[in-house]
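Q: Please take a close look at how the strands pair into sheets here. Start with the chain as a whole, then go through the pairing piece by piece.

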Amino acid sequence: MRLHRCGLAFFLACLIAEVFAHEANAQQPAPGASGARILLLPRRIVSGERATLAVLDVNGRLTPGVTVDFSNGDRFTTDATGRALFVAPLNPGVIFGSIAGRTGRVATKILASSEAASASIEVSSVPRVASLTDRFEILGKSFCGDADANQVTIAGQSAIVLASSPTALVVLPPPDLQAGAAAVQISCAKRQSAAFSVTFVGLELEADSSPLKPGEHRALTVRVRGTTGKIALEARNLAPEIAELSGGNPVRASSGGGAENFARFEIVGRKNGSFVISIRLVPVLSRPQP
């Protein structure tokens, strides 16, 4: 039996940060637009203000040359960084974005400028717990719509802002961050937020990665390091023709907490082949704490 920890073939979420962080250093070829799978839109944008969207491929790499269509008729294409800077429509309300040629839509809410006005950076909602290797969201006011104009530090290290608006940021932690509580701070255009704390956890998958056989039941164990608290995890089956994820798709489970903090999922083989399961932490946003 082959026991793997965080094998990319079946645990994609766990390596998102490593793939992205080392991409520039390795000077790998940019992923092709045909591989685009994930659209990142700030949850809230502001009428007439700039915002940044991003597109990722199935391995979490920023993907250039991808066209994104909005339900109001606007269309944008990601640049060499895999992101696109755009101006939010003037009319408040909800609009939807989608990757051209792909099913599925992502909603974003357009706020009136009066709802987002602030002379200083205000952070209103942050995750209580975030993954060391996956993106997380911060809500507030007076951020920069241009993603690269925001500076986010975590434990003194620079994080990467994938998508942004004046009221929302989508952030990827730095690659060398250690598990546990860390101070987070945001600055933009000479404005700076008060520091707040987020607990960052590592997720390690333990599973037999050998090809699955029809009817075979196999357990997937996700170990959590960085907290003894219970956390919610979501598993998504990316190869349903090979295996069935017990409980549905996606399915959620909570870790047990304590020193041996882990959660378990189960898959059942449908036909011979390699299964692909993505497991992510379920974010819970709350007021920031010092």
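A: The protein chain has two helices and 26 strands. Both kinds of element are DSSP runs, numbered from the N terminus: helices are H or I over at least four residues, strands are E over at least two. The radius of gyration is 19 Å, close to the 19 Å of the globule rule for 290 residues, so the chain is as compact as a globular protein of that length. That radius is taken over C-alpha atoms, and the rule is 2.2 Å times the number of residues to the power 0.38.

This is a predicted model, in which local features need pLDDT of at least 70 and side-chain atom pairs count only at pLDDT 80 or more, while totals for chains, interfaces and linings use all residues. Residues are numbered from 1 along each chain as its sequence is written, and side-chain values use heavy atoms, with hydrogens and water left out.

The C-alpha trace spans about 60 × 45 × 35 Å along its principal axes. Of the 290 residues, 50% are buried. Buried means under 20% relative accessible area, exposed means over 50%, and partly exposed lies in between (1.4 Å probe, protein chains only). The chain exposes about 13,300 Å², and carbon and sulfur atoms supply 50% of that area. Accessible areas come from the Shrake-Rupley method with a 1.4 Å probe; for residues, only the protein chains shown count as cover. Among contacts between residues at least 6 apart in sequence, 64% join residues at least 24 apart. A contact is a pair of heavy atoms within 4.5 Å.

Now the sheets. Strands of a sheet pair through backbone hydrogen bonds, either parallel or antiparallel. Here two strands pair if DSSP finds at least two bridges between them.

Take the five-stranded sheet. It is open, with the order β3-β9-β8-β5-β6 and mixed pairing. Its edge strands are β3 (44-46) and β6, each pairing on one side only. The twist averages 30° from one strand to the next. Axes for such angles are lines fitted to C-alpha atoms (for helices, over the stretch in contact), and angles run from 0 to 180 degrees between N-to-C directions.

Strand β5 (residues 67-70) pairs with β6 (residues 75-77) over three bridges, in the antiparallel sense. T67 has T77 of β6 as its bridge partner. The two strands form a hairpin with four residues between them, and G73 takes a positive phi near 100° there. β5 also pairs with β8 (residues 93-99), again antiparallel and over three bridges. In that pairing, F70 stands opposite G97 of β8. Next, β8 and β9 (residues 106-111) run antiparallel and share five bridges.

Strand β21 (residues 232-237) is joined to β25 by five antiparallel bridges. Among its residues, L233 has L281 of β25 as bridge partner.

β24 (residues 262-269) has two partners to look at. Strand β20 (residues 217-225) runs antiparallel to β24, with seven bridges between them. H217 is bridged to V268 of β24. Strand β22 (residues 243-245) also runs antiparallel to β24, with three bridges. There, L245 stands opposite I267.

Two loop residues complete the picture. N261 sits in the loop between β23 and β24. At 2% relative accessibility, N261 counts as buried. A polar atom of the N261 side chain lies 3.0 Å from the backbone oxygen of T227. That is a polar contact: a pair of N or O atoms within 3.5 Å, where within protein one must be able to donate a hydrogen and the other to accept it, and residues adjacent in sequence count only if both atoms are side-chain atoms. Beyond its neighbours within four places in sequence, N261 is in contact with V222, R223, V224, T227, T228, G229, S255 and G256.

E241 lies in the loop between β21 and β22. At 44% relative accessibility, E241 counts as partly exposed. Leaving aside neighbours within four places in sequence, E241 is in contact with R270 and K271. Its C-alpha atom is 9.6 Å from that of N272, which is 31 residues away along the chain.
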